[in-house]
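Thank you for making the time this morning.

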Amino acid sequence: MAGLSIWEKESFFAPRDIVIAGSGLVGLWSAYFLKKKNPALSIAILERGMIPTGASTRNAGFACFGSATELIADTMTLGEDPMLELVEMRYKGLKKIRKIFGNKAISYERYGGYELISEQQGMDMDILRSNIDRLNRKMKKIVKKEKTFRLNDDKIKEFGFAGIQHLIENPMEGQLHSGKLCLALLKEVQSMGVLVLNNSPIEGFDKVSDGVLLKTHNPFIRSSGSQPAVESLSFFANQLLICTNAFARQLLPDLDVQPARGQVLVTSPIEGLPFRGSFHFDEGFYYFRDLGGRVLLGGARNKDFEGEQTYEQAVTDPIQQELERFLRDTVLPGKQFSIEQRWSGTMAMGKEKMPVVQAVDNNIFCAVRMSGMGVALAPMIGEKVAGLMR
Ligand SMILES: Cc1cc2nc3c(=O)[nH]c(=O)nc-3n(C[C@H](O)[C@H](O)[C@H](O)COP(=O)(O)OP(=O)(O)OC[C@H]3O[C@@H](n4cnc5c(N)ncnc54)[C@H](O)[C@@H]3O)c2cc1C
């Protein structure tokens with residue numbers, strides 16, 4: 001096998017202060033804030049894919065901080081303070097993203113967010129109103145507005161939805177281009193001197209006295225007969241930060257992190273599409289938005305929790321058919337459309353919704369489990385990581 005050249009050993013594979021596993025939004029924002037705090041740090045990010053291949057480039061691009069019924073449900077499961085802590089992080093995170101990149105570079109637009117309550121859900125109007133009022137009072141100290149959420153049923157007809165009884169509006173919600181955000185952030189950290197190596201999965205690590213010895217693919221492939229063999233390569237970092245989200249248990253098997261596949265589709269352009277904005281349904285299990293005159297729709301994971309608890313990136317007939325049914329029956333009744341694109345991404349879930357940001361060992365840290373709303377969280381998590389690591 002060809003060995004590394006002395007030049008490669010002393011540059012690409014030189015010992016680092018910090019190696020980050022994963023170049024999704026959390027890995028990139030962590031590198032950004034670590035460098036901001038200490039520009040002298042030598043940091044490399046090792047990404048297993050040619051591009052990030054988890055959730056960050058495969059999501060729906062909602063620049064959101066939580067729909068009303070989801071936050072009400074979170075209050076019950078998490079408790080009020082943790083729910084508000086998450087909302088505050090997302091709200092501040094969105095501000096940070098826009099401040100750093102501006103709206104244009106990431107195609108940020110704000111047409112508001114809406115939550116659809118169906119006739120079938122049969123919610124009592126008085127209970128709904130009082131829940132929204134209570135939530136608004138709690139949100140006031142975060143968003144500095146009297147009413148984050150308000151009932152706006154008048155728009156149901158204008159938007160053309162069928163079978164919908166109530167619409168809860170949040171005018172502060174926006175949408176962005178996830179690919180542009182990841183690329184802008186990648187360029188930013190590279191300009192700060194962070195080395196990003198792609199096609200470099202971290203396959204394991206050994207703790208050594210003053211750091212961590214990381215194992216990744218050796219880029220030099222030896223032919224043995226007709227079969228090329230890939231051999232592993234180790235290199236040293238003082239500290240390892242694991243930002244592999246849904247895939248975290250491959251490196252840290254004891255973490256409470258499970259993969260949750262999210263499937264998405266995009267329609268053909270729809271003439272006279274009657275709505276703009278981002279829309280939530282069924283506690284956030286369904287979500288859709290306009291996208292250049294088309295509709296991007298995702299979710300329905302709650303129709304097959306078990307089947308969607310998978311690392312496999314694929315779309316499946318039952319979920320895609322359910323998404324199409326929802327489009328036909330509720331979102332675009334009577335409209336002509338075809339489906340032009342379908343994909344899936346992998347989220348990270350656990351028994352709790354709070355992200356896991358912690359020291360695992362002396363020199364090993366992790367920032368994972370971003371659930372289904374990590375775009376806004378990621379910069380705040382990156383900042384937290386920079387405070388946590390020496
Ligand atoms: C379909 C879908 C829709 C979503 N919609 C939204 C939305 O509209 N708004 C919102 O806020 N959030 C949304 N999310 C959630 C959001 O995208 C995630 O919370 C966020 O991107 C997580 O970022 P991350 O960096 O933690 O993880 P990831 O983006 O998954 O990054 C982890 C990276 O680690 C890499 N990796 C894995 N194992 C290894 C290894 N051993 N070595 C090296 N690299 C490794 C992976 O290739 C990946 O690039 C959605 C997610 C999905 C799947």
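Predicted model: local features only at pLDDT ≥ 70, side-chain atom pairs only at ≥ 80, totals over all residues.

The domain assignment gives domain 1 as residues 6-57, 180-256 and 353-388, while domain 2 takes 111-175 and 258-349. As for how the two meet, eleven residues of domain 1 are in contact with nine residues of domain 2. On the domain 1 side of that contact, the residues divide by class into six nonpolar, four polar and one charged.

For the chain as a whole, the secondary structure comes to nine helices and 20 strands, and the C-alpha atoms fill a box of roughly 70 × 50 × 40 Å along the principal axes. The radius of gyration is 22 Å, which agrees with the value near 21 Å that a compact globule of 390 residues would have. Of those 390 residues, 42% count as buried. If we take the contacts with a separation of 6 or more, 73% of them are accounted for by residues 24 or more positions apart.

Let me turn to the ligand. Which residues come closest to the ligand? The shell holds 44 residues, and the closest are Gly 22, Gly 24, Gly 54, Gly 262 and Gly 374. Two or more residues are contributed by each of helix 2 (25-37), strand 14 (258-267), strand 18 (339-349) and helix 9 (374-388), with helix 9 giving the most, namely four residues. By class, the shell has 22 nonpolar, 19 polar and three charged residues. Both domains take part in this shell, since at least three of its residues are drawn from each of domain 1 and domain 2.

With strand 10 (residues 211-217) the arrangement is antiparallel, through six bridges, and here Thr 216 stands opposite Leu 233. Strand 13 is also joined by three bridges to strand 20 (residues 364-368), again in a parallel arrangement, where Leu 241 stands opposite Phe 365.

There is also an open sheet of eight strands, with mixed pairing and the order 5-6-4-15-16-17-14-18. Strand 5 (150-151) and strand 18 each have a single partner strand and stand at the edges, so one side of each is left without a neighbour in the sheet.

Finally, a word on helix 3, residues 68-78, in which Ala 68, Thr 69, Glu 70, Leu 71 and Asp 74 are buried. The cover over these buried residues includes helix 4 (80-105), strand 4 (113-118), helix 5 (125-143), strand 6 (164-170) and strand 15 (278-281). Helix 3 is followed by Gly 79, where phi is positive, near 105°.

Conventions. Residues numbered from 1 in each chain as written. Domains from an automatic or database assignment. Contact = placed C-beta atoms within 7 Å. Nonpolar A, V, L, I, M, F, W, Y, C, P; charged D, E, K, R; others polar. Near = placed C-beta within 6 Å. Pairing = 2+ DSSP bridges. Buried ≥ 20, exposed ≤ 12 C-beta atoms within 10 Å, placed from the backbone. Rg over C-alpha atoms; globule rule 2.2 N^0.38 Å.
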